[in-house]
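Q: I have a model open and would like to talk through a few of its features. Could we start with the open spaces and then move on to the strands and the backbone?

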Amino acid sequence: MPSSIYDIAIIGGGASGLAAAIVAAREGARVLVIERDVEAGLPLLATGNGRCNLSNESLDPAHYLHPGIASRVMGPTPERDIAEFFDSLGLIRTSIDGRLYPITRRAESVRDVLLGSCTRENVAIERACTPVAARYDKAARTWSLECQRPTQPLKAKAGVDAKAKLRALRRALRDAKMAHVAFQARAVIIAAGGKSSSIADIFSLPYLAASPVLCPLAATPCDTAGLPLESSALKALDGQRIHATLSLPGSGWAETGEVLFRAYGISGIVAFNASRRAHAGDTLELDLLPELSDAALHTELERRVSMHAASPAHNPSWFDGLLARPVALLVFAVTQEQADLESLGHAIKHALFAVTGTADEQSAQVHRGGIPFDIVNLATLGIDSPQSPQLFVCGEALDMDADCGGFNLAWAWLSGIRAGRAAARADQETR
């Protein structure tokens, strides 16, 4: 058992936990980060296809599950606050289509500056350490966190690359003999990410079951009557990328961008964002040519009638220069081989897909669910309960998720900053 008491213990060394640690340490707190993986900050390396889309130039609360709560927590100047935070770390950023990335276009740059700042601020990081119990001592006004960690330091062969080292360390952790250790802290911040039900249980907190979002959708194309087609209709499209508009009829939601067809349904960023809104049984509408209005498309189809002697029926080459041939085959399947221009035009602009659920869930970028906001003080992100004093929550451990485009990481940074600052100041006030 450690001989001294930390001011703040942070459970989780991801984006929100590291942000909270840095800010709290700068406020003068003695901080401990407890990370269950073999290193802190590892999920950052997979974000933005390895480039780390760390924020967005315009953090509109409408992109979040709870817009009003997001607005209150992130504050009136979220873009400036994130810029100032990363400026203080020495991270230069660049914008690509309104999305912010490190100027290196490498995710490890973000992780490196965060861990480097933790080192400079004397933040202690316990790796391969998993909390299993928590108890608050009212007399001492201190949390005791019982954890499990390996009895011996984890080792990997010298000279191997970073990925091989990580795999070796995780194998060693899986096989390691574990021992119990306890840490004391006057305040605790839960920053355990989107699968933190076990941590919520430790503190007897309510928890909304986590479900994957920002992942592909399992969906089946439908004919003009809305009846699902055979699964073979998508097989020929597997791997085909198009620029399209995806919408949920009746909801008012629509987004234009890259769509990736898969044998099971649709993927790509717009499909990921649709996964936050669509449910099994819903119908999605796909505009395969958003650049052309209905009228402009009809004019183009009429022009093609005069260009081609052959009928468009059973002839995907008829659409060459307008639609890729695999996409043309989808149009024929939707129209059930009807070759009149009205049917073809409607299928192109209003292709229907029946949603059967999410797909490839193991690759979901975030999870919906977590600790509900009705027990959280939005000004501090502290748990609003006398049974849980000096307990704070941030990041994906809370019931908040957002669209692709840097919005989820922006929430992690800003909620971590708020929780870290509030916890440090509350600790100072209660000493």
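A: Gladly; bear in mind that this is a predicted model. In the second largest pocket, helix 1 (15–26), helix 2 (67–74), helix 3 (78–89) and helix 12 (407–430) each supply at least two residues of the lining.

Q: Which helix gives the most to that lining?
A: Helix 12 does, with six residues of the lining of the second largest pocket.

Q: What volume does the second largest pocket have, and which residues are the closest to its centre?
A: The volume of the second largest pocket is about 320 Å³. It is lined by 14 residues, of which D81, L414, I417, R418 and R421 are the closest to its centre.

Q: And how do the residues of that lining divide by class?
A: The lining of the second largest pocket has eight nonpolar and six charged residues, with no polar ones.

Q: What lines the largest cavity?
A: Its lining consists of C222, D223, T224, V334, H346, A347, H350 and L352, which by class gives four nonpolar, three polar and one charged residues.

Q: On to the strands: what is the order in the closed barrel?
A: The closed barrel has six strands in the order 11-14-13-12-15-16, and their pairing is antiparallel. On average, neighbouring strands of this sheet are turned by 50° against each other, with direction ignored.

Q: Which strands does helix 11 touch there?
A: Helix 11 (residues 341–349) packs on the sheet and touches strand 15 (283–287) and strand 16 (351–358), and its direction makes about 110° with that of strand 15.

Q: How many bridges join strand 12 to strand 13?
A: Eight bridges join strand 12 (residues 241–248) to strand 13 (residues 253–262), the two running antiparallel; among the residues involved, L246 has E255 in strand 13 as its bridge partner.

Q: Last topic, the backbone: where does S204 lie, and what is its phi?
A: S204 lies in the loop between helix 6 (197–202) and strand 10 (208–213), and its phi is near 55°, a positive value in a residue other than glycine. Most residues other than glycine have a negative phi.

Q: What about L381, is that one buried or exposed?
A: L381 is buried, because its relative accessible area is 0% and the cut-off for buried is under 20%. Its phi is near 60°, also positive, and L381 sits in the loop between strand 18 (376–377) and strand 19 (382–383). S204, by contrast, is exposed, with a relative accessible area of 67%.

Conventions
Residues numbered from 1 in each chain as written. Predicted model: local features only at pLDDT ≥ 70, side-chain atom pairs only at ≥ 80, totals over all residues. Heavy atoms only, no water. 1 Å grid on protein atoms, 1.4 Å probe; cavity = no way out; pocket = protein on both sides within 12 Å on 5 of 7 lines; lining within 4 Å. Nonpolar A, V, L, I, M, F, W, Y, C, P; charged D, E, K, R; others polar. Pairing = 2+ DSSP bridges. Helix = DSSP H or I, 4+ residues; strand = E, 2+ residues; numbered from the N terminus. Axes fitted to C-alpha atoms, helices over the stretch in contact; angles between N-to-C directions. Contact = heavy atoms within 4.5 Å. Buried < 20%, exposed > 50% of the residue type's maximum accessible area, 1.4 Å probe, protein only. Points joined across faces, edges and corners; volume = space filled by probe spheres on them.
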